[in-house]
Amino acid sequence: MRQKDTYFHKIDWITIGLYFALVLVGWLNIYAAVYDGQNNTSIFDFSINSGKQLIWIGTAVVLITLIMVADYRLFQNLSLVLYLVFIVILFLTPFIGKEINGQRAWFELGIFRLQPAEFTKFATALALAKLMENPTFDLGKWSHQAKAMGIILLPVALIMLQPDTGTAMVYSSFFIMLYREGMPQKYYVFSLGLIGLSILTLTINNNWYLFGGLAVVVVLMVLASKKSWKNLLGIFFLGVLMVTYAYSLDRVVEKLPPHQQNRIMVLFDPDVDPLGVGWNVTQSKIAIGSGGLLGKGYLEGTQTKFDFVPEQHTDFIFCTLGEEFGWVGSLVMISLFVALLLRLVFLAERQKTRFSRIYGYCVLSLLFFHFSINIAMTIGLFPVVGIPLPFFSYGGSSLWSFTLLLFIFIKLDSHRIQILGRSY
Amino acid sequence: MYTGRSLVVAVTIGLIAFVLLGKLFLIQVTDDSYLRKAERNAIQRVVDHPYRGLVYDRNNSLLVFNDPVFDLMVIPREFHLQDTARFCELFGIEKQSLVTNFNAAKNYSWVKPSPLIKQISNEEFARVQDFLIDYKGLFVMTRSVRAYPQSAASNALGYIGEINAPQLARDSSGYYTQGDYVGLSGIESYYEPDLRGKKGAKYKLVNVRGIDKGAFKNGDLDTLSIAGENLQATLDLELQVYGEKLMTGKRGSVVAIEPKSGEILTMISAPVYDPNILTGAKFGENYQKLNLDPEKPLFNRPIMAMYPPGSIFKIVQSLIGLQEGILTPNTTFACNRSLVNCHNHPSPVNLFGAIRNSCNPYYHQAFRQIINREVSQNTYTDTRIGLDNWRESVLKFGLGDRLGIDLHGEKGGSIPSSQLYDRIYGENRWKYSTIYSLSIGQGEMLVTPLQMANLAAIFANKGYYYTPHLIKAINGDPSRIPDRFKTKRYTGIDSVHFDMVQDAMAAALSGTAARAIMDDIAIAGKTGTAQNPAGEDHSVFIAFAPKEDPQIAIAVYVENAGWGGRAAASTASLLIEKYLTREINRPLLEEYVLAGEFIY
């Protein structure tokens, strides 16, 4: 009896509480998104999305129970097998999947549809943890970096075949975990510089301003550096590289498929085509922006109620919350997410084994990426990429995969004392 | 726990959350444009069009009412046509226009209704009504168009039509929107604010496909339309109809005024057109036709056509001479034809004789005395001073400027000033011999038929007039007509001077317009002939009757009909008889006018 009691207390109930709070708020918002004020369909009605989501939540609870009663060593031992199984499924998806919106990303099982790419995330996280738990693994080494990248890029390549750019992008979030585990800092400086330069290239129409700005940067670097021939040569080449990059990026964007090109253009100017490509972002911003400080009240949002925002129960679910609960509601919801993320950082850091810590960081990275990119996309800070808001968006695949992802970590955390992994 | 790189991760999370909340604050709290856009998205304002006011004549006969017409609306999604030929036959529409209209409807919206067949008349609707249930996706929307039971007074009443872009731009009240019907001319235009009523509005919620989702805020903001106000016109419908009949086949104007009130009893612009053709579905086509007609039926001659006043102006000259003390009833001049041509009559004549015989040399000499009073040694300066003084007196007769009738587009005519002659001849380059044509109402002088009728009213009233107007009561309330129609305007001529003038006008008829004389009604009048360099002269006549207690003052213009004593005088006389007795006892004269053969 005492033994059981201890286990119960080792579970991190704060994380579980935050999880259920988010799932509940998400479920209420899904009802608000399908509610149209005319037919008094109950939130529990299984013919509408809120009722279906309730089934998904119910099955997620079953999934949680299964995870919690399973042997904690299972995940560690099965990690590579799981990874391989999902890679095979992913490989098969384009051939046997059902085509929806031009993508073959779904499996149909009776009335339910599952998206394998969603589940590959936790399998990849497990595989990464497995690979990197080895004490000899050193991210400072080229060959080790390549191994980690291989695990990440294999599913990315397969997902791109479907093609599902949004989901593929999600895998870049593993760089947050890699950063924590000692990936050299220079890669991040370089990447951030590249992203900054890309944004500037796309926003500044007249390239001569950009080139002028880069020249100023080069001059400043020369002034700040120790004047050795080697340094000056390096700075010179960097300058040439930046100009070449900026110039060629514009050319590359011109060559992109029109829908992707427009998604990028709309980010900088939503009025490019407010009824076409800009429709989603324009309507999403109208819905959220019209919420004001306190919102219009639950089920009172006209924009979401009357279908002005497309995909409003899935990727654009944040609109419902923004419109009906206003800025204060958004503040509460974002605070819940931030609390969850910071809690995960805390939990990951207290792990005794590298495996659990790395896995914990993977969970945190994936949730953080989804959360920030999804909201940024609804308010026009990021191009429209089709990725769900964790725990909020309607859909079994996304809810199940995030639940799996999170609760495997909670399970590992609850056994952090027992795990006799190769701690360092 | 948060140290080194884990701290960087934690701070990044906080930073991103801060950026998201900051951007949310900007669009949700500081910027309210999204709220307006959201309302524009989801709240649709449905206008409830008011019932336009009716117009009655002075005896409460209906002049203008609203006739229901039916627009057949189609919802493309629900409309499926199996037998196009049968449908076209039933609804009397050509296949081509059915296809065009249906495609237009489809392009506008798949689910919102658009008109398929516009403005089906009442009778036609009764015929097709029963077939409607056979077709899905069709329904009927009722609207109303203006209708005129007697087809009379088209130019005075005017017409309504869709508001045009400049009018919309000028509308500072923001009342109108594209597609609204407004009065475009006549009374419809002038009394638009009274006739139109007030639009109501319903606010309803619509979804992204425009489908009705119920009332906004339970209809708390909805307003009902307020019907327009009824007008009572000063027109006498019976007289108007009779006058239009007399003017058939002629070009010209008739204006009859009740002298003691300024109320316009009849206003005819010939050729007349049927106002009913400018309503409903054929508006555009018929308007084009009228607009291109060389006879210019849309040109409202009574207030827009301008002619030299001719001989009739001699009465004004006489009255100014009398008031100024230049003339007395006994002032005599010889009929000196070397000054200006005249016709055979005894000579010399006194003032009475001059009016009666319309003696040109008399007025040539009398006008010289009115103009050149020798206030200056310089004959040029003297003429200038005299002309401007004279002009001031003439303007008081309601000439030389718009009278201010309740119609848009009124012309003012012109009475020349010294500045005008300076422009034509140069300063100090003109004197009496330059301007003497004014003495007999010729030269640089123009008046409208309305002003001439008003002159007749002035002579009848012995020195004053009310601004002629077409509306006597708004919503049954006479006090609501504009104040300027209730003000007596004096000419500055003492009423004693009118007695002799009235007698001379009555006496003149036996010589110049014997046809106008009636056995039982004393009539005073004056013929005129407006010279027309382009063809036959215009026949002009003004009169009032009964002479002792004038009930009607009238001016008649018949273009290219020669002497005033024939066409114009006969028409005026018949209209006076009609108005005062309500019947015509001179069938021969009526026949003569209807036949319209005035030049022989």
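This is a predicted model: local features need pLDDT of at least 70, side-chain atom pairs count only at pLDDT 80 or more; totals for chains, interfaces and linings use all residues.
**Entry 1**

I then checked burial: 41% of the 600 residues in chain B are buried. Chain B has 22 helices and 18 strands.

**Entry 2: a sheet in chain B**

I picked out one sheet of chain B. The sheet is open and has five strands, in the order 12-11-18-17-16, with antiparallel pairing. Which strands lie at its edges? I found strand 12 (263–270) and strand 16 (524–530) of chain B there, each pairing on one side only. On average, neighbouring strands of this sheet are turned by 10° against each other, direction ignored.

I also looked for a helix on this sheet. Helix 10 (residues 237–246) of chain B packs on the sheet and touches strand 11 and strand 12 of chain B. The direction of helix 10 makes about 25° with that of strand 12 of chain B.

Next I followed the pairings. Strand 11 (residues 252–258) and strand 18 (residues 552–558) of chain B pair in the antiparallel sense over six bridges. Here I found Ile257(B) opposite Ala553(B) in strand 18 of chain B.

**Entry 3: strand 17 of chain B**

How many of its eight residues are buried? I found that eight of its eight residues are, and the strand is mostly covered. Both faces are covered. One side has His538(B), Val540(B), Ile542(B) and Phe544(B), all buried. The other has Ser539(B), Phe541(B), Ala543(B) and Ala545(B), also all buried.

I checked the partners of strand 17. Strand 16 of chain B pairs with strand 17 of chain B in the antiparallel sense over seven bridges. Strand 17 of chain B also pairs with strand 18 of chain B in the antiparallel sense over seven bridges. Gly525(B) stands opposite Ala543(B), and in strand 18 of chain B the bridge partner of Ala543(B) is Ile554(B). A hairpin of six residues joins strand 17 to strand 18 of chain B.

**Entry 4: where chain B touches chain A**

I turned to the two chains together. In chain B, 31 residues are in contact with 39 residues of chain A. Which elements of chain B supply at least two residues each to this side? They are helix 1 (4–30), helix 2 (33–42), strand 8 (200–206) and strand 9 (212–215) of chain B. Helix 1 of chain B gives the largest share, 16 residues. By type, I noted 20 nonpolar, six polar and five charged residues on the side of chain B that touches chain A.

**Entry 5: a helix pair in chain A**

My last stop was in chain A. Helix 2 (residues 13–34) and helix 15 (residues 317–349) of chain A pack at an angle of about 160°, with their axes 10 Å apart. An angle over 145 degrees counts as roughly antiparallel, so helix 2 and helix 15 of chain A are roughly antiparallel to each other. Helix 2 of chain A passes helix 15 of chain A in a left-handed crossing.

I listed some of the residues that meet. From helix 2 of chain A they include Leu18(A), Leu22(A), Val25(A) and Ile30(A). From helix 15 of chain A they include Leu321(A), Met333(A), Leu336(A) and Leu340(A). The residues of this contact divide into 15 nonpolar, four polar and two charged.

Technical notes. Residues are numbered from 1 along each chain as its sequence is written. Chains are lettered from A and ligands numbered from 1 in the order in which they are written. Helices (H or I, at least four residues) and strands (E, at least two) are DSSP runs, numbered from the N terminus. A residue is buried if 20 or more other C-beta atoms lie within 10 Å of its own, exposed if 12 or fewer, and partly exposed in between; C-beta atoms are placed from the backbone. Two strands pair if DSSP finds at least two bridges between them. Axes are lines fitted to C-alpha atoms, for helices over the stretch in contact, and angles run from 0 to 180 degrees between N-to-C directions. Two residues are in contact if their C-beta atoms, placed from the backbone, lie within 7 Å. Ala, Val, Leu, Ile, Met, Phe, Trp, Tyr, Cys and Pro count as nonpolar, Asp, Glu, Lys and Arg as charged, and the others, Gly among them, as polar. Angles under 35 degrees count as roughly parallel, over 145 as roughly antiparallel, 65 to 115 as roughly perpendicular and the rest as oblique. A crossing is left-handed if the near helix is turned anticlockwise from the far one by less than a right angle, and right-handed if clockwise.
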